[in-house]
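Here is a short tour of one structure, taken piece by piece. Have the sequence and the 3D view open as you read.

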Amino acid sequence: MKTLAIIPARSGSKGIPGKNLIDLCGHPLIDYTISAAQSCNRINQIFISSDDDNILGYCADKGVDTDYKRPKHLATDATGMVEVVMDALDWLSDNKKIEPEMVLLLQPTSPLRTSDDINQILSLLDTTKLQSAISVHKMTEHPLECIKTQNNYWNNLLKQPKIPVQRQEYNNNYYFINGAIYAFTPSFLKKEGRFAKPGTQTALYVMPALRGVDIDTFDDLYQAEAYLAHPKHTITFEN
């Protein structure tokens, strides 16, 4: 199966300016995703979608094909990721005659996702025979302990049981879509107009919450730095 990894990395970022190239323990943030993809033997091609010449230049030095440059109108805060991926797939088809059978969307803001995670989500698709899979992790805050507010009033997010239960008795089938990995066939994306579909059509790959961290703020960055600084957690780079 021909598997394509798309790494989306636009220039704009409000939370952390220049986020995709910001230093994380001695390496630019995007380097972690490139390395994980290069270490995955099931990926046939890595594709960068960026409007930023500095990002494209860095990726080229890492041995990644950077012939494509994302159009500016697809690099705004309002641009949906589905549009970004569809444009990349159309460009590859028109300019390089590449028609992947499976696509992986690997966002550079998930630096702790590993090549093993990527291999496992692809194996999950092999086993389930589905055309779509997403990475998730167990919710840290259980919905029974969460509230919602409206018009200065608050209420429980979930209906409370009539008989109070201890936390260890909670139903734990609640997960968070962490955005570390989306895997899908181009036909699924074109038919559904999205990467995942609730119900039984999209498989869930459950990974540890720490590896699913999404770098959106400096606090997220500091959490990733602390994880990587621990002696039990090491990441090696291909180049």
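## A hairpin

Strand 7 and strand 8 make a hairpin, with two residues between them. In that turn, Asn151 has a positive phi of about 55°. The two strands, residues 147-150 and 153-156, pair in the antiparallel sense over four bridges; strands count as paired if DSSP finds at least two bridges between them. Ile147, for one, has Asn156 of strand 8 as its bridge partner. Strand and helix numbers run from the N terminus and follow DSSP runs (H or I of at least four residues for helices, E of at least two for strands).

A word on the source: this is a predicted model, where local features need pLDDT of at least 70 and side-chain atom pairs count only at pLDDT 80 or more, while totals for chains, interfaces and linings use all residues. Residues are numbered from 1 along each chain as its sequence is written, and side-chain values use heavy atoms, leaving out hydrogens and water.

## Two helices together

How do helix 1 and helix 2 pack, and at what angle? Helix 1 (residues 29-38) and helix 2 (residues 53-61) pack at about 40°, with their axes 11 Å apart.

Ile30, Asp31 and Ile34 of helix 1 meet Ile55, Tyr58 and Cys59 of helix 2, where contact means heavy atoms within 4.5 Å.

## An aromatic pair

There are six aromatic pairs in the structure, counted when ring centres lie within 6.5 Å. One of them joins Tyr68 and Trp91, 5.3 Å centre to centre with 65° between the planes, which is edge-to-face (over 60 degrees; under 30 is stacked, the rest tilted). Tyr68 lies in the loop between helix 2 and helix 3 (81-96) and Trp91 in helix 3, so the pair ties together parts 23 residues apart in sequence.

How values were computed. Axes fitted to C-alpha atoms, helices over the stretch in contact; angles between N-to-C directions.
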